[in-house]
Amino acid sequence: MSVYFSPEHEAFRHRVREFLAQEVLPFADEWEHARCIPRQTWLEMGRRGLLGLPYPKAYGGAELDLFYSLAFLEELGRTGYSGFRASVSVHEYMATHYLATSGSEALKRSYLTKAIAGEKIAALAITEKDAGSDLNRIATTATLDGDCFVVNGEKTFVTNGTTAGFITLAARTAPASTTAKRGATGLSLLIVDAESPGISRQRQDKIGWHCSDTAELRFENVRVPAENLIGKPAGGFMYLMRGFQLERLVAATLAIGGMDRCIEETCRHIVGRPAFQGTLAGLQAIRHRVADLVTDIEAARQLVYHAAWLYRRGELPIAECSMAKLRATELASRVAAECLQLHGSRGYLEGSAISRIYRDAPAATMAGGASEVMRDIIAQIAIEENHRPGGVP
């Protein structure tokens, strides 16, 4: 029994696990080598209703509560292929999130419906060479010229960058204030057709997350219809600040699923690995390390679920989402490293599941806001809450 997941949630989780076992896991190594997820897989996920879980039925979505998404994300994490989970989660919970929550009806009909169907892959372009979590440094501009914005600039680390059919772009439509904090003025979000003249896309090679294509994008006088603006002009900062909380919750949930897979692989190994008069699983030193790991994972899981519960209630749990992302993603790196150690030299061989998990894990501590940024956010909130003006807590 769970206070978060009903029998319906768990039945859905089982269906997702079966789908991934049949349609993803047998082919994922090929996708890693090809550095790409086949279009047919996106279409099949769309056909099965897996790409629009939180979105309204009017656009082809399933209109399901947040804990259906958590079950889905945990199962994505359990595949052990971080590139696959990154591409799908960015498409469903980041690039399309702003469109679904703040886009016009026309934009939703044109782009969201196709994204939910898997017909168009979505990318989110925020990061630049000199601008990550510090949105005030975003230099890409979108200048209104008649009935179009003219976009110029460069983006980097764009997930789905070379395969996307459309891009949710953060650009500066008004000058940044010299006094506002963290880019609070001048930023807007636009939907850009990826095949628009003036866009060039260059794939970036990474040490992990291989089947997730990542790209640098260059925009040179790209004309974007003015009606492709998401929400209000210069409203991008507030949209992004809200969207980042979901993004961090998603990252934390994926990390939980990834750790579950890591422990599963490790327990299977130590039970089957002969050692001395028994197996590795019979050695107290090994058993205690596993006990510590699963205890830490369970603690992180409950933090993630609590943050999700707050978010589902309509709150904006900035501290809790940051804590969940910080704890889960950093723990995932430690769990991967310790589980690799428990696999011994076999785990260090190229092609083993644990070596891939170990290689992939650190990226999650950087994507969606680095651990250092999470700590800064958490500390700022904690200090403000515990030191009110006048010295009264």
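Helix 4 (residues 66-78) packs against helix 8 (residues 236-272) with the two axes 7 Å apart and at an angle of about 45°, where helices (H or I, at least four residues) and strands (E, at least two) are DSSP runs numbered from the N terminus, and axes are lines fitted to C-alpha atoms, for helices over the stretch in contact, with angles running from 0 to 180 degrees between N-to-C directions. Helix 4 is therefore oblique to helix 8, given that angles under 35 degrees count as roughly parallel, over 145 as roughly antiparallel, 65 to 115 as roughly perpendicular and the rest as oblique. The model is a predicted one, in which local features need pLDDT of at least 70 and side-chain atom pairs count only at pLDDT 80 or more, while totals for chains, interfaces and linings use all residues. Residues are numbered from 1 along each chain as its sequence is written, and side-chain values use heavy atoms, with hydrogens and water left out.

The crossing of helix 4 over helix 8 is right-handed, a crossing being left-handed if the near helix is turned anticlockwise from the far one by less than a right angle and right-handed if clockwise. On the helix 4 side the contact (heavy atoms within 4.5 Å) includes Leu66, Leu70 and Leu73, and among the residues they and their neighbours meet in helix 8 are Leu249, Val250, Asp260, Arg261 and Glu264. Sorted by class, this contact of helix 4 with helix 8 holds eight nonpolar, four polar and five charged residues, where Ala, Val, Leu, Ile, Met, Phe, Trp, Tyr, Cys and Pro count as nonpolar, Asp, Glu, Lys and Arg as charged, and the others, Gly among them, as polar.

Helix 8 is also packed by helix 5 (residues 82-95), here at an angle of about 150° and with the axes 11 Å apart, which means that helix 5 runs roughly antiparallel to helix 8. This crossing, too, is right-handed.

Ala336, Ala337, Cys339, Leu340 and His343 of helix 10 make the contact with Ile354, Ser355, Ile357 and Tyr358 of helix 11, a contact with seven nonpolar, two polar and no charged residues.

How is the chain divided into domains? An automatic or database domain assignment, the source of the bounds, gives domain 1 (7-121), domain 2 (123-234) and domain 3 (238-387). The C-alpha centres of domain 2 and domain 3 lie 30 Å apart, and 14 residues from domain 2 and 14 residues from domain 3 take part in their contact.

UniProt, in an unreviewed entry, lists "domain: Acyl-CoA dehydrogenase/oxidase N-terminal" at residues 6-119, a span that is 68% helix and 0% strand, with its end C-alpha atoms 31 Å apart. The unreviewed entry in UniProt also places "domain: Acyl-CoA dehydrogenase/oxidase C-terminal" at residues 235-380, a span that is 75% helix and 3% strand, with its end C-alpha atoms 24 Å apart. The UniProt positions follow the numbering used here, the feature names are shortened, and the annotations may be inferred rather than shown by experiment.
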